[in-house]
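Trainee: Can we go through the aromatic contacts in this one? I'd like to take them pair by pair.

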Amino acid sequence: MDETTAFRQRDRRPEALGTLSVLPDETICVLLEYLAPRDIAHLACVSSVMYILCNEEPLWMSLCLRKAKGPLDYKGSWKNTTLHLEGVTQDNDRKPLHFDGFNSLYLYKRFYRCNASLDGFSFDDGNVERKRDISLDEFSKEYDAKKPVLLSGLADSWPASNTWTIDQLSEKYGEVPFRISQRSPNKISMKFKDYISYMKAQRDEDPLYVFDDRFGEAAPELLKDYSVPYLFQEDWFEILDKENRPPYRWLIVGPERSGASWHVDPALTSAWNTLLCGRKRWALYPPGKVPLGVTVHVNEDDGDVSIDTPSSLQWWLDYYPLLADEDKPIECTLLPGETIYVPSGWWHCILNLEPTVAVTQNFVNKENFGFVCLDMAPGYQHKGVCRAGLLALDDGNSEEMEEETHDDEDSTLSYSDLSRKEKRVRMNGGGETENHEEDANGVSKRYNMWKNGFSYDIDSLSKFLDKERDHYNFPWSMGNSVGQREMRGWLSKLWVLKPELRNLIWKGACIALNAEKWLRCLEEVCTFHNLPSVTEDEKLPVGTGSNPVYLFSDYAVKLFVEGGLEQSMYGLGTELEFYDILGRANSPLKSHIPDVLASGILYLEKGSYKVVPWDGKRIPDILTSSNLEFDASMLNSEFPFGIWNKTLLQHRNKGKPPAPDSFGSLSSHVWPYIITQRCKGKIFAQLRDDLTWSDAQNLATFLGQQLRNLHQLPYPPVTRPELLNANDVHEELKIPPEWKVFVDDLCQKKKDVTSRLENWGNPIPRALMNKIDEYIPDEFFVDLLHVFKDTDVGDETKPCTWIHSDVMDDNIHMEPYADDDSVDGQHNSWRPGHILDFSDLSIGDPIFDLIPIHLDVFRGDTDLFKKLLESYGLPLIRSKSAAADGTKKKVLSPSYRTMCYCLLHEDNVLGAMFSIWDELRTAESWEQVELTVWSLLNSY
C-alpha cells in the first residue's frame with residue numbers, strides 16, 4: 001500500500017447516513033432541532049455520523065433554550081445543561097468518541113466562528129462622525145433623526161463610568177437575576193454571578209448576553225449610576241402610564257462574539273447607546289438599505305415585521321468580505337465612555353470584541369414622531385418600504401417608482417395598486433442562495449436604485465399607506481410597541497399636553513388613526529343635527545376607546561367603526577334596544593347613563609355625505625337597497641340588530657377564521673353614530689392616581705350598586721330558534737333557553753382556548769398551558785348547563801342578566817364635588833357619576849362583569865373588590881338545582897367558575913392577571929391562580 005492510499009480515508013458519510021446523505025449537513029442539523037433531547041440521544045446511537053451531528057453543542061444550545069424558562073443554571077456545556085433540565089444524570093467519566101473519514105465544511109465554519117479571536121476586528125477611527133461638547137441646537141439641526149454620530153464626554157460624570165465593570169457588578173449584584181437575550185420565545189433569566197460563569201466558560205458562536213429592560217426594577221441602585229444625556233431628554237412615550245409604556249431602556253452585558261444581529265429599532269424609534277467597558281464594533285446602513293444576507297418579512301394581514309439575519313459574527317465573517325467598497329456599511333468601534341446615536345429607521349449590527357457593559361435607551365421626540373406614527377398605521381406596504389426601501393415593491397413597480405421619483409415629484413404610488421403574490425411579503429438583501437458572491441453582485445445593482453430613488457421622509461413614505469385600511473377595523477400587529485388602546489390614549493394625551501406642537505401631532509394622528517377622515521364625518525353629523533362646530537382643541541378623538549369619540553360643547557358623539565359596518569350596526573342596534581328597555585323600566589340606572597339625544601347613519605354617496613336618523617327599530621334603507629339579504633326573522637324583529645340577532649351572528653362566526661364583513665364595500669362609506677349628553681368631569685382613567693382612598697371606596701360602592709341595577713333589568717326572550725338547536729339538550733330538562741345559549745358559547749370558546757392564549761404572547765407558564773383541559777374538563781359545561789334544569793318559566797331565579805362586558809377605567813365617568821373638608825366650596829374630591837359605552841352588551845352569567853372591574857379598575861385591590869361586593873347585594877352563583885338536590889359540584893364555586901370564565905374570555909384578561917400578581921409566573925396549577933385572584937368570592 002503506497003503512502004497516498006494510506007492517507008486517503010474512507011468517506012463514512014454515505015454509509016452512516018443512508019438515504020439522508022442526499023441532504024446537506026446544514027439541513028440535517030436544522031431538522032435535528034425539531035426533535036426532543038431523548039430522541040437526539042437515541043439517534044446518536046444509530047451511526048458514527050449521527051453521533052457526531054447529535055453531539056454538536058449548538059444543537060444542544062438550541063434544545064436547551066427551547067425548553068428552559070425562568071432562571072437558567074449553566075452546567076459547563078449545553079448538553080449537560082439540557083440533560084440537567086431533563087432530570088438525566090450525566091456520566092462525566094465517559095469520554096467522547098472520535099471518528100475519521102468525515103469532513104463537513106458547514107461544521108468547520110461553525111467551529112471556526114465559535115473559536116474565532118476578534119482582536120483584529122476593531123477600527124481605530126471608522127467613518128462615523130465624532131463629536132464632543134455638542135450643543136442641543138447643533139445636534140437637532142445636524143443629526144437628530146438624520147444620521148448617526150459618535151459622542152464623547154456624555155458619560156464622564158456618571159458613577160457607572162467607574163463602577164460598571166464585570167467584576168464590580170458581579171460582586172454587588174451577583175445574586176440578582178437579569179433577563180437574557182437569545183433566539184427563543186421563552187423568557188430566560190440568570191443570576192448575574194451564574195451568567196459571568198457562563199460567559200467565561202462558553203465557546204458559543206452567538207453567546208447569550210444580558211439584555212434586560214427591567215434592570216431598574218431588578219436592581220434600582222443601577223438607575224442612580226447614570227442619567228439620560230441632555231441631548232436625549234425628550235421622550236414622548238414618557239407620558240404613558242408605567243404599565244403601558246413600551247420597553248425603552250436596557251442593561252447590556254455580553255462576552256466576546258456576542259452582539260445584536262442586523263435590525264431596525266422597534267416602532268422606528270431613535271436610540272442612544274453608551275459603552276461603559278470593553279469594545280463594540282458597530283455597522284450601520286441608512287433606512288431602506290437592507291444588508292446583504294438579511295431578509296425582511298412583512299405580514300400582509302397585520303403588518304407584523306420579522307427579520308431573518310445571520311448572527312453578527314457570521315455576517316462579518318461570511319458576508320462583509322463580499323461587499324464592494326461602495327456597499328459597505330458605516331462603521332466604528334465604540335470605546336468605553338463613548339455614546340453612539342442611532343436615528344429612526346437605521347439598520348445596525350453590533351459585535352462585542354471583548355466582554356462589554358453598556359446601557360441604551362430608545363425614545364420618541366418631535367423629530368421621529370411621524371415615523372413612529374407611520375409604523376403603527378394599518379397595512380404592510382409602508383412598513384416594508386420604511387425598512388427595505390423600494391426593494392419592498394415587486395420589480396415592475398419599483399422601476400416605475402424610480403422613474404416617477406425622478407420625473408414627477410407630485411406622483412404617488414398607491415399601496416392598493418400593488419400586486420399581492422404572497423401572504424408574507426419578502427424583501428431581501430441577498431442571502432437566499434448558497435452563492436454569496438452572486439448575492440453580493442445582485443445587491444450592489446439594486447442598491448443603485450436605492451441611492452437614486454428612495455427618500456426617508458414622512459411625506460414620501462406616507463404615499464405607501466393603504467387608504468382602504470383603517471386603524472379601527474383592521475388587525476393590529478402584535479409586534480407594535482404599544483397596543484391599539486394605548487396608541488389612541490397616547491395621541492390623546494399628547495394633544496392635551498403639547499398644544500404648541502398640535503400641527504405635528506395632528507399630522508401623526510392623520511397617519512396613524514385617519515383622524516382627518518373621522519373629523520370630516522363628525523362635521524357632517526354636527527351640521528345635520530344643528531350642533532356647534534368643534535374647536536381646534538376638540539378635533540382629535542378622545543380617550544382609548546375602540547371607536548372615534550368626540551367631546552365638544554355639551555355633546556358626545558361616537559362613530560361606530562370597529563370591525564366594519566356589520567359589527568358596528570349590531571353594536572349600536574343592541575345599545576339602542578337596551579336603552580329602549582331601560583326607558584320603560586323603573587330603574588335607578590337611568591340616572592347614571594348619559595341621555596341619548598340622537599342616533600343615525602352617516603354615509604357617503606356619489607361624493608356627498610348624507611345623514612339619516614335611526615332608532616334601531618328597522619333596517620335602514622341604505623342597507624335594504626344594497627342587495628343585502630336579511631332573513632324573515634330579522635326583518636320581523638322589533639330591533640333587527642338587537643341582542644339575539646347579534647348573538648346569532650357571533651355563534652355562526654365562532655371557531656371560524658375572521659370572515660370578511662358581509663356588508664362588503666358599504667363598510668368603507670357607511671357609519672352608524674350616536675349622540676349623547678356630555679358628562680361633566682373626567683373619566684376614571686385620567687384620575688386614577690389623584691383619587692383619595694375615600695373617593696376610591698365610593699367608586700367601589702357605586703359600581704356595586706349600578707351592577708345590581710343593571711343585572712336586575714329585564715332582557716328580551718330568545719327569539720332565534722337557531723341558537724337553541726346549537727345545543728344538544730333535551731327539552732324535558734326545562735333549562736332556560738338563554739342559559740343554553742350562554743353555555744354553548746362557552747363550549748365553542750373552549751375549542752380554541754390554547755391557541756388563543758398562545759397568540760396573546762403573555763408569560764403563562766407552559767406547565768399551566770398543558771393543564772387547561774384538566775382544569776376545565778368537558779363535564780364542566782354539562783354541570784354548568786344542569787345548574788338550571790327544571791326551571792319554570794315564571795321562576796324568579798333568572799340564570800342570566802345583561803352584561804356590560806367593558807366596565808373599565810375609560811368607561812367610568814367621575815364628576816368633581818366639594819366634600820366637608822373643602823375650602824370656600826371649591827371641589828377637592830371626585831365621585832362617580834356615569835357608566836359609559838353599552839355597545840358590547842351581552843346576556844349571560846353576571847359574574848362576567850366582575851372580571852374587568854377587579855382586574856382593570858381595581859388592579860387587583862381586594863379591599864375595593866370587597867366594598868363592591870358588599871354593595872352589590874345579589875347572589876353571585878344563581879342556581880336552581882343546588883338548593884333542590886344539595887349538590888356540591890365544583891361548578892358552584894364562585895372562584896372556580898370565575899377563573900374558568902377568565903380562561904375562556906375573548907380578551908386578554910390573563911395578561912392583566914400575570915402583570916398584577918408576579919407570583920403567578922411561577923404558579924404550578926390553575927387552582928393556585930384561581931385562589932390568588934378570586935378567593936374573596938368564596939366568602940361573599
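Mentor: What follows covers ring pairs, then charges over rings, in a predicted model.

Trainee: How many aromatic pairs does a search of the whole structure find?

Mentor: The search returns 47 aromatic pairs. One of them is Trp 164 with Tyr 226, which is edge-to-face, with 6.0 Å centre to centre and 70° between the planes.

Trainee: Where do Trp 164 and Tyr 226 lie?

Mentor: Trp 164 is in the loop between helix H10 (160–163) and helix H11 (166–173), and Tyr 226 is in the loop between helix H13 (215–218) and strand S7 (249–254), so the pair ties together parts 62 residues apart in sequence.

Trainee: Is Trp 164 buried or exposed? And Tyr 226, buried or exposed?

Mentor: Trp 164 is buried, at a relative accessible area of 1%. Tyr 226 is buried too, at 8%.

Trainee: What about the rings of Phe 232 and Phe 363?

Mentor: Their centres are 5.6 Å apart and the planes are at 35°, so that pair counts as tilted. Phe 232 is in the loop between H13 and S7 and Phe 363 in strand S15 (residues 356–363), 131 residues apart. Phe 232 is buried at 3% relative accessibility, and Phe 363 is buried with a relative accessible area of 3%.

Trainee: Which residues do ring pairs link into a cluster?

Mentor: Phe 139, Trp 158, Trp 164, Phe 215, Tyr 226, Phe 232, Trp 272, Tyr 341 and Phe 363.

Trainee: Switching to charges. What sits over the ring of Tyr 248?

Mentor: The charged end of Arg 245, 3.4 Å from the ring centre.

Terms used: Residues numbered from 1 in each chain as written. Predicted model: local features only at pLDDT ≥ 70, side-chain atom pairs only at ≥ 80, totals over all residues. Heavy atoms only, no water. Phe/Tyr/Trp six-rings, centres within 6.5 Å; stacked < 30°, edge-to-face > 60°. Helix = DSSP H or I, 4+ residues; strand = E, 2+ residues; numbered from the N terminus. Buried < 20%, exposed > 50% of the residue type's maximum accessible area, 1.4 Å probe, protein only. Lys NZ or Arg CZ within 6 Å of the ring centre and 35° of its normal.
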